[in-house]
Amino acid sequence: MAQLLPAPDPRLPPSAASRFLVLCGVLAVVPGTIHVALPDGGAGVIAGIDLGRDGGRIIAMFAWAGATQIAWGLTMLAVALRYRALVPLALALLLLERSLHALNFWVLKPGAHHPPESYAVLVALPLIALFLAIALRRRG
């Protein structure tokens, strides 16, 4: 594993932005694990999606999304805890990801049913933008 990663820069102490990124990493890994581990991936018991029609495909998509959430969450944790020079980049990518989620949830592909994440993303967007601005200001 050491060959995959650069040496960490010990000169960069934890910051508000890196601490926020730790929170975001945890908030990606936990639901990702739920999507992978729960029998219905959380589609029915949490999101309230009717699994009567094509439930197997929906559950498989939740598991797929959970796998990517776990990988992305672990990446955010690694950046926040060890590779802090990449915190602004990680926050910018997170802002892009969450913006695309919000755009799809509310504008491009809105549905009659909104799972909890569709509301959480509206809270997350300004917070991510704020901590990205803090990280960039600190760097400059």
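Which residues line the second largest pocket? The legends below take up this question after an overview of the chain.

**Figure 1. Overview of the chain, a predicted model with 4 helices and 0 strands.** The model is predicted, so local features need pLDDT of at least 70 and side-chain atom pairs count only at pLDDT 80 or more, whereas totals for chains, interfaces and linings use all residues. Residues are numbered from 1 along each chain as its sequence is written, and side-chain values use heavy atoms, with hydrogens and water left out. Read along the sequence, the pattern is α-α-α-α, where helices (H or I, at least four residues) and strands (E, at least two) are DSSP runs numbered from the N terminus. Along the principal axes, the C-alpha atoms fill a box of roughly 55 × 35 × 20 Å. Of the 140 residues, 31% count as buried (under 20% relative accessible area, with exposed meaning over 50% and partly exposed in between, for a 1.4 Å probe and protein chains only).

**Figure 2. The stacked pair of Phe 20 and Phe 131.** Rings of Phe, Tyr and Trp (its six-membered ring) pair if their centres lie within 6.5 Å, and planes under 30 degrees apart count as stacked, over 60 as edge-to-face and the rest as tilted. By this rule there are 2 aromatic pairs. In one of them, the ring centres of Phe 20 and Phe 131 are 4.3 Å apart and the planes lie at 10 degrees, so the pair is stacked. Phe 20 belongs to helix α1 (residues 16-37) and Phe 131 to helix α4 (residues 116-139), so that the pair links distant parts of the chain, 111 residues apart. Phe 20 is buried at a relative accessible area of 11%, and Phe 131, at 17%, is buried too.

**Figure 3. The edge-to-face pair of Trp 106 and Tyr 119.** Here the ring centres are 5.4 Å apart and the planes lie at 65 degrees, so the pair counts as edge-to-face. Trp 106 lies in helix α3 (residues 87-108) and Tyr 119 in helix α4, so the pair ties together parts that are 13 residues apart in sequence. Trp 106 is partly exposed, with 30% relative accessibility, and Tyr 119 is partly exposed at 46%.

**Figure 4. The largest nonpolar core, with 17 residues.** A nonpolar core is a set of buried Ala, Val, Leu, Ile, Met, Phe, Trp, Tyr and Cys residues joined through side-chain atoms within 4.5 Å. Phe 20, Leu 21, Met 76, Val 87, Leu 91 and Leu 94 have the most contacts inside this core. Helices α1, α2, α3 and α4 each give two or more residues to the core, and the largest share, 5 residues, comes from α1.

**Figure 5. The lining of the second largest pocket.** A pocket is an open set of points on a 1 Å grid over the protein atoms alone, where a 1.4 Å probe fits, with protein on both sides within 12 Å along at least five of seven lines, and its lining residues have an atom within 4 Å of a point. Two or more lining residues come from each of α1, α3 and α4, and α4 gives the largest share, 3 residues.
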